Amino acid sequence: MSAETENPAVVDAQASAATRARNELARLVSYLVFGGIAVFCAWRASSLPASRWEPLGAGSFPKLVFIVLAVLCLFAVLRSLVEIHRNGGMPEAVYAFGRWLRIRRVSFAIYGLLVVYLAVLPVLGFSLATFGFLLVTQLLIAGVTRKTVIQSIIAALVFSFGLNALFADVFNVFLPRGVLIAF
């Protein structure tokens, strides 16, 4: 072994550079996402109807705000790229970011399930969409064994169909019914 790999200060500096590179890559991704959303919102703001009383139109101010936000995100992206290069380059940052994502994969899977749940809620209705979401989420968190499957099915039934019945029968409030299946 070389003296550099045995020196705790060198190892600490390398780990710290990898952490900085990973954090900077996460910022880079967020800047790209926010910049893309800002460009989309600026495009949507340009389609707002014109006003008879305003020469610039109703969408001029939102469009200006979103364009400024997109330009600021572009500058932030460039700064992040410089910081990533300074802290070991893109391969080190991608490797560290990949490790970070693997550690948090269940959290990201649950966020993805939430997006799917919100997308299918109008189609399937509250009871079925919630049952599926709760069942899969609980199994992701607890793992798949016979005991957890039975517990997850019972909990999903109670908190989907049971909650729907409670709101409909007791509170006289109807949760969203699906287009395909009206439970």
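1. F167 is found in helix 7. Helices here are DSSP runs of H or I with at least four residues, strands are E runs of at least two, and both are numbered from the N terminus. Please keep in mind that this is a predicted model, in which local features need pLDDT of at least 70 and side-chain atom pairs count only at pLDDT 80 or more, while totals for chains, interfaces and linings use all residues. Residues are numbered from 1 along each chain as its sequence is written, and side-chain values use heavy atoms, with hydrogens and water left out.

2. Next, the neighbours of F167. Leaving aside residues up to four places away in sequence, F167 touches N172, V173 and L175, where contact means heavy atoms within 4.5 Å. N172 sits in the segment after helix 7 and has a phi near 55°, a positive value in a residue other than glycine. N172 counts as exposed, because its relative accessibility is 58%.

3. Now the aromatic rings. How many aromatic pairs does a search of the whole structure find? There are 4; rings of Phe, Tyr and Trp (its six-membered ring) pair if their centres lie within 6.5 Å, and planes under 30 degrees apart count as stacked, over 60 as edge-to-face and the rest as tilted. One of these is F131 with F161, a tilted pair because the planes are at 50°, with ring centres 6.2 Å apart. F131 lies in helix 6 and F161 in helix 7, so the pair ties together parts that are 30 residues apart in sequence. F161 is partly exposed, at 28% relative accessibility. F167 and F171 form an edge-to-face pair, 5.4 Å centre to centre with 65° between the planes. F171 is partly exposed too, at 48% relative accessibility.

4. Helix 7 itself deserves a look. Its 24 residues reach 33 Å from first C-alpha to last, close to the 34 Å expected at 1.5 Å a residue; the expected span is 1.5 Å times one less than the number of residues. Helix 7 also has a kink of about 30° centred on G162, the bend being the angle between axes fitted to the seven residues ending there and the seven starting there. The buried residues of helix 7 are T148, S152, A156, S160, N164 and A168. Helix 6 (126-142) is included in what covers them.

5. S152 is found in helix 7 (residues 146-169) and is buried, with a relative accessible area of 3%. A polar atom of the S152 side chain lies 2.6 Å from the backbone oxygen of T148. Not counting residues up to four places away in sequence, S152 touches L135, Q138 and L139.

6. Helix 6 comes next. Its 17 residues should span 24 Å at 1.5 Å a residue, and this agrees with the 23 Å between its end C-alpha atoms. Which residues of helix 6 are buried? They are F126, S127, A129, T130, F133, L135 and T137, and what covers them includes helix 5 (105-124) and helix 7. Just after helix 6, G143 takes a positive phi of about 90°.

7. S80 makes another buried site. S80 has its place in helix 3 (residues 60-86) and is buried, with a relative accessible area of 0%. Its side chain makes a polar contact with the side chain of E24 at 2.8 Å; a polar contact is a pair of N or O atoms within 3.5 Å, where within protein one must be able to donate a hydrogen and the other to accept it, and residues adjacent in sequence count only if both atoms are side-chain atoms. Not counting residues up to four places away in sequence, S80 touches E24, R27, L28 and Y31.

8. Finally, the record. The unreviewed UniProt entry annotates "transmembrane region" over residues 28-45, 65-82, 108-141 and 153-175; UniProt positions are given in the numbering used here, feature names are shortened, and annotations may be inferred rather than shown by experiment. In the model, residues 108-141 are 97% helix and 0% strand, with end C-alpha atoms 12 Å apart. Residues 153-175 are 74% helix and 0% strand, and their end C-alpha atoms lie 21 Å apart.

Key
Buried < 20%, exposed > 50% of the residue type's maximum accessible area, 1.4 Å probe, protein only.
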